[in-house]
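Good morning, and thank you for making the time.

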Amino acid sequence: MPEAAHVGSGKVRELYAIDGDQLVLVATDRISTFDVVLPTEIPDKGRVLTGLSAFWFARTRSTVPNHLLGLREDGRSSECRRLEMLPLECVVRGYITGSGWKDYQASGATSGQALPDGLRESDRLPAPIFTPSTKADEGHDENIDLDQARELVGAERLEEVERVSLDLYRFAADYALARGIIVADTKFEFGVDGEGRLVFADEAFTPDSSRFWPAAEYEPGRPQPSFDKQFVRDYCESLGWDKTAPGPELPDEVVAGTRARYVEAFERLTEIPFDSYLADPETVLR
Ligand SMILES: Nc1ncnc2c1ncn2[C@@H]1O[C@H](COP(=O)(O)OP(=O)(O)O)[C@@H](O)[C@H]1O
Ligand SMILES: [Mg+2]
């Protein structure tokens, strides 16, 4: 990409600047678990992430503007508006699982928000809740309460991202459920444009940013099978790995199983065959 300068690497994406206000975001096939990038890649994972994000960006524009300008033919690169990112990971939980379940078991609350007594693991919450976390440059993101979040972005902006996050979650959770997928929780990142407007950025409702559960197998009181990284997390934990770098290599069957889960999530949500996406990425925008 001679026209672009490399400006950064995330765990999964490479960022290139085309000029002052445009980025090319390239989603690689890297996979991270417990915030450690593993040495083994999952073929086409980056394409699933880019395609799914573009699908949701195209369908949520009336709720909030987003950063997407266009998709490139490789299906993994997207052209985006370059934004000032808010230092907040905007998490919405519709079900109690993961770190929310751990917090709830310890304290009856998560991120400082009290929850009803007697919830079982994976139970649906009475209403979705907004539980932001910090966006750590290194190490693990930390759950914070709304007071701490207000200090980071200001009261008005926090109210806006909470409202928008809950609206986005409700829209996608209903859409997905009608296609047999529960969106248990999800994470958004927002930026602010030159005019101070809030813009939905990064990725949207992917298996990396969300927990997707097959609705047909949903049964509270236990962990759920899922279309996301849980398969890889479970494999890594079965090795007794201490969750610090370097992470373990993944055997072929774990790679194939993970790829299949990512592709299945793409196809069930978009109702577009993944091969059709590869042939013409812009199909997800229509
Ligand atoms: N429109 C945008 N403008 C500027 N930065 C962005 C934009 N969209 C996403 N980003 C940033 O690009 C990076 C994406 O790379 P990723 O591999 O997902 O990083 P991470 O390891 O932080 O998850 C993140 O730091 C994200 O905040
Ligand atoms: Mg990311």
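Helices (H or I, at least four residues) and strands (E, at least two) are taken as DSSP runs and numbered from the N terminus. This is a predicted model, in which local features need pLDDT of at least 70 and side-chain atom pairs count only at pLDDT 80 or more, while totals for chains, interfaces and linings use all residues. Residues are numbered from 1 along each chain as its sequence is written, chains are lettered from A and ligands numbered from 1 in the order in which they are written, and side-chain values use heavy atoms, with hydrogens and water left out.

Let me begin with helix 6. How far apart are the end C-alpha atoms of helix 6? They are 27 Å apart, which agrees with the 27 Å that its 19 residues, 252-270, should span at 1.5 Å a residue; the expected span is 1.5 Å times one less than the number of residues.

For exposure, buried means under 20% relative accessible area, exposed over 50%, and partly exposed in between, with a 1.4 Å probe and protein chains only. The buried residues of helix 6 include Val254, Val255, Tyr262, Phe266 and Leu269. Taking contact as heavy atoms within 4.5 Å, the buried residues of this helix pack against helix 1 (45-59), helix 4 (155-177), strand 14 (181-192), strand 16 (210-214), helix 5 (230-238) and helix 7 (274-279).

Phenylalanine 266, in helix 6, counts as buried because its relative accessibility is 0%. Beyond its neighbours within four places in sequence, phenylalanine 266 touches Val48, Gly51, Leu52, Glu271, Ile272, Pro273, Phe274, Tyr277 and Val284.

What follows helix 6? The next residue is glutamate 271, found in the loop between helix 6 and helix 7. Glutamate 271 has a positive phi, near 60 degrees, in a residue other than glycine, and at 53% relative accessibility it counts as exposed. Phenylalanine 205 also has a positive phi, of about 45 degrees, without being a glycine. Phenylalanine 205 sits in the loop between strand 15 and strand 16 and is buried, with a relative accessible area of 1%. A further backbone feature is the cis peptide bond joining alanine 245 and proline 246, with omega about -5 degrees; proline 246 belongs to the loop between helix 5 and helix 6.

I turn now to the empty spaces. Rolling a probe the size of a water molecule over the atoms shows where empty space is left. On a 1 Å grid over the protein atoms alone, a cavity is a set of points where a 1.4 Å probe fits but cannot get out; a pocket is an open set with protein on both sides within 12 Å along at least five of seven lines; and lining residues have an atom within 4 Å of a point. Grid points are joined across faces, edges and corners, and a volume is the space filled by probe spheres set on the points.

The structure holds 1 cavity of 30 Å³ or more. Of the 16 residues that line the largest cavity, those closest to its centre are Arg13, Thr50, Ser53, Ser78 and Asp202. Its volume is about 110 Å³, and helix 1 gives the most to its lining, with 5 residues.

Finally, the charged pairs. A salt bridge here is a side-chain nitrogen of Lys or Arg within 4 Å of a carboxyl oxygen of Asp or Glu, and the whole structure contains 26 of them. Arginine 76 pairs with aspartate 29, the closest N and O atoms being 3.0 Å apart.

Which parts of the chain does the salt bridge of lysine 45 and aspartate 208 tie together? The two side chains meet at 2.8 Å, N to O. Lysine 45 lies in helix 1 and aspartate 208 in the loop between strand 15 (198-201) and strand 16, so the pair joins parts 163 residues apart in sequence. Lysine 45 is buried at 1% relative accessibility, and aspartate 208 is buried at 17%.
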